[in-house]
Amino acid sequence: MEQSYKGHLIDVSVSLDGDDWRTRIFIYYSNGPQNILVTFGMDSSFKTYDGAMEAGLAAAHKWIDGNNPEIS
């Protein structure tokens with residue numbers, strides 16, 4: 001799932017690992033002439049696809065808000 005948030009493009013990837021869902025997050029943004037990609041996984045696993053997706057989006061929003069205080 002892709003989502004735009006405060007000038008960033010968030011892509012959340014969810015995959016099944018046994019009976020649990022795992023989440024990987026990709027955040028794309030520009031800083032002047034540089035195009036930047038930040039990627040990270042979540043330590044938690046989730047029982048549902050929707051739960052994993054919602055947690056991934058929340059984690060991405062938190063990263064953007066915490067690492068870019070100049071963005072409103």
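A nonpolar core is taken here as a set of buried Ala, Val, Leu, Ile, Met, Phe, Trp, Tyr and Cys residues joined through side-chain atoms within 4.5 Å, where buried means under 20% relative accessible area, exposed means over 50%, and partly exposed covers the range in between (1.4 Å probe, protein chains only). The model is predicted, so that local features require pLDDT of at least 70 and side-chain atom pairs count only at pLDDT 80 or more, while totals for chains, interfaces and linings use all residues. Residues are numbered from 1 along each chain as its sequence is written, and side-chain values use heavy atoms, with hydrogens and water left out.

The protein chain contains one helix and four strands, arranged along the sequence in the pattern β-β-β-β-α; helices (H or I, at least four residues) and strands (E, at least two) are DSSP runs, numbered from the N terminus. The C-alpha trace spans about 40 × 20 × 20 Å along its principal axes, and 31% of the 72 residues count as buried. The accessible surface of the chain, computed by the Shrake-Rupley method with a 1.4 Å probe and, for residues, with only the protein chains shown counted as cover, amounts to about 4,600 Å², of which carbon and sulfur atoms account for 48%. With contact defined as heavy atoms within 4.5 Å, 40% of the contacts between residues at least 6 apart in sequence join residues at least 24 apart.

Strand pairing, for which DSSP must find at least two bridges between two strands, is antiparallel between β1 and β2, over four bridges. Within this pairing, Glu-2 stands opposite Asp-11 of β2, and in the hairpin of β1 and β2, which has two residues between the strands, Lys-6 adopts a positive phi near 50°. Strands β2 and β3 also run antiparallel and are joined by nine bridges, with Thr-23 of β3 as the bridge partner of Val-14. The hairpin of β2 and β3 likewise has two residues between the strands, and there Gly-18 takes a positive phi near 70°.

The largest nonpolar core comprises 17 residues, and those with the most contacts inside it are Ile-10, Val-12, Ile-27, Trp-63 and Ile-64. At least two residues of this core come from each of β2 (8-17), β3 and α1, and the greatest share is that of α1, with seven residues. The helix itself has 19 residues and reaches 27 Å from its first C-alpha to its last, close to the 27 Å expected at 1.5 Å a residue, the expected span being 1.5 Å times one less than the number of residues. Its buried residues are Ala-52, Met-53, Ala-55, Gly-56, Leu-57, Ala-60, Trp-63 and Ile-64, and what covers the buried residues of α1 includes β1, β2, β3 and β4 (34-41).

Met-1, found in the segment before β1 (2-5), is in turn in contact with Ile-10, Asp-11, Val-12, Met-53 and Leu-57, whereas the C-alpha atoms of Met-1 and Ala-59, 58 residues apart along the chain, are separated by 14 Å. In helix α1, His-61 is partly exposed, with a relative accessible area of 22%, and, again leaving aside neighbours within four places, is in contact with Gln-3, Tyr-5 and Ile-10. The C-alpha atoms of His-61 and Ile-27 are 9.7 Å apart, across 34 residues of the chain.

Two aromatic pairs are present in the structure. Rings of Phe, Tyr and Trp (its six-membered ring) are regarded as paired if their centres lie within 6.5 Å, with planes under 30 degrees apart counted as stacked, over 60 as edge-to-face and the rest as tilted. Trp-21 and Tyr-49 form an edge-to-face pair, at 5.4 Å centre to centre and 85° between the planes; because Trp-21 lies in strand β3 (residues 20-31) and Tyr-49 in helix α1 (residues 49-67), this pair ties together parts that are 28 residues apart in sequence. Tyr-49 counts as partly exposed, at 38% relative accessibility. The pair of Tyr-29 and Trp-63 is tilted, with 6.1 Å centre to centre and 50° between the planes, and, since Tyr-29 lies in strand β3 and Trp-63 in helix α1, it ties together parts that are 34 residues apart in sequence. Tyr-29, at 16% relative accessibility, counts as buried.
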